[in-house]
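The briefing below goes with the sequence and coordinates shown next, and it is grouped by topic for reading beside them.

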Amino acid sequence: MTLPFEFNSERLHIRQWQASDFEPFARINADPKVMKYFPNLLTRLESDALAERIQSLITNRGWGFWAVEIKYSQEFIGFVGLHVPTTILPFSPCVEVGWRLESTHWGKGYATEAAAEAIQFGLDRLGLAEIVSFTALKNYRSQNVMKKN
Ligand SMILES: CC(C)(COP(=O)(O)OP(=O)(O)OC[C@H]1O[C@@H](n2cnc3c(N)ncnc32)[C@H](O)[C@@H]1OP(=O)(O)O)[C@@H](O)C(=O)NCCC(=O)NCCS
C-alpha cells in the first residue's frame, strides 16, 4: 500500500492533511452548528492538536479521517474517513466511518460521496469484513449519511 493513501471521487479529492487545512478546520470546530452533538466547541489549539493526531495516524497507517477537498475549487471542507475508536464500545474492536464537514457545504451530498469511497477502501484495500458508524440519537444528518451508504 502506498502511504498515505489518497483518492478521488466525482467531485472530491480525499487526501492527507496539509498545513493550510488547519485554519479552516479550526473554524469548523468552532461552529456551534457543526459541534451541536459534541460536548464542546474546540479552541484553535485543541483543533490543531486534533488535526495533527489525525494527520499522523494517516502517515503511520496510510488511512484515517482524510481531508476532503472540493476538486474544482481546491477548498478544504472537513474530513471523512475511517478510524479505530479509542473508547471501548459494545462492538469493539472495530473500524468506524465518520465525517465532519463545514456547515456551508452541507446538503450537497459531499459527505455521502466521500464516505462511499472510504467504505470501499476499507472493504477492498484493508479487507475489513465490517465497518461501523454511530452517532447521537438526534443527529439525523449523520444518520442519513449512514443510511445512504
Ligand atoms: C453529518 C454531516 C457530515 C452530513 O452532511 P450532509 O451535507 O447533510 O450530508 P450529505 O453530504 O450526504 O448530503 C445530503 C444532502 O445533500 C443533498 N444533495 C444535493 N446535491 C447532491 C448531490 N449531487 N448528490 C447527492 N446528494 C445531494 C441530498 O439531497 C441531501 O439533502 P437532504 O439532507 O436535504 O435530503 C454534517 O451534517 C456534519 O458535518 N455534521 C457535523 C459533524 C457530525 O455531527 N458528524 C457526525 C458525528 S457522529
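How many strands does the open sheet have, and in what order do they come? The open sheet has five strands in the order β1-β2-β3-β4-β5, with antiparallel pairing, where two strands pair if DSSP finds at least two bridges between them, and where helices (H or I, at least four residues) and strands (E, at least two) are DSSP runs numbered from the N terminus. This is a predicted model, in which local features need pLDDT of at least 70 and side-chain atom pairs count only at pLDDT 80 or more, while totals for chains, interfaces and linings use all residues. Residues are numbered from 1 along each chain as its sequence is written.

- The edge strands are β1 (7-8) and β5, each of which pairs on one side only.
- A hairpin joins β1 to β2 through three residues; these two strands pair in the antiparallel sense over two bridges, and the bridge partner of Asn8 in β2 is His13.
- Strand β2 (residues 12-15) pairs with β3 in the antiparallel sense over four bridges; the bridge partner of Leu12 in β3 is Ile70, and Ile14 stands opposite Val68.

**Helix α2**

- Helix α2 (residues 44-61) has 18 residues and reaches 26 Å from its first C-alpha to its last, close to the 26 Å expected at 1.5 Å a residue, the expected span being 1.5 Å times one less than the number of residues.
- The buried residues of α2 are Ser47, Ala51, Ile54, Gln55 and Ile58; seen down the helix axis, they fall within an arc of 100 degrees, so they line one face of α2, the arc being that of the directions from the helix axis to the C-beta atoms.
- These buried residues pack against α1 (22-29), β3 (65-70) and β4 (75-83), while on the other side of α2 Leu45, Ala49, Glu52, Arg53, Ser56 and Asn60 are exposed.

**Surroundings of Ala118**

- Ala118 lies in helix α3 and is buried, with 27 other C-beta atoms within 10 Å.
- Leaving aside its neighbours within four places in sequence, Ala118 is in contact with Val80, Gly81, Leu82 and Val97, contact meaning that the C-beta atoms of two residues, placed from the backbone, lie within 7 Å.
- Ala118 and Ile14 are 104 residues apart along the chain, and their C-alpha atoms are separated by 8.8 Å.

**Shell around the ligand**

- Of the 20 residues around the ligand, Trp106, Gly109, Ala111, Thr112 and Thr135 come nearest, a residue being near a molecule or strand if its C-beta atom, placed from the backbone, lies within 6 Å of it.
- The elements that give two or more residues to this shell are β5 (96-101), α3 (110-124) and α4 (140-148), and α4 gives the most, with five residues.

**Backbone features**

- A cis peptide bond joins Ser92 and Pro93, with omega about -5 degrees, and Pro93 is in the loop between β4 and β5.
- Gln74, in the loop between β3 and β4, has a positive phi of about 55 degrees although it is not a glycine.

Technical notes
Buried ≥ 20, exposed ≤ 12 C-beta atoms within 10 Å, placed from the backbone.
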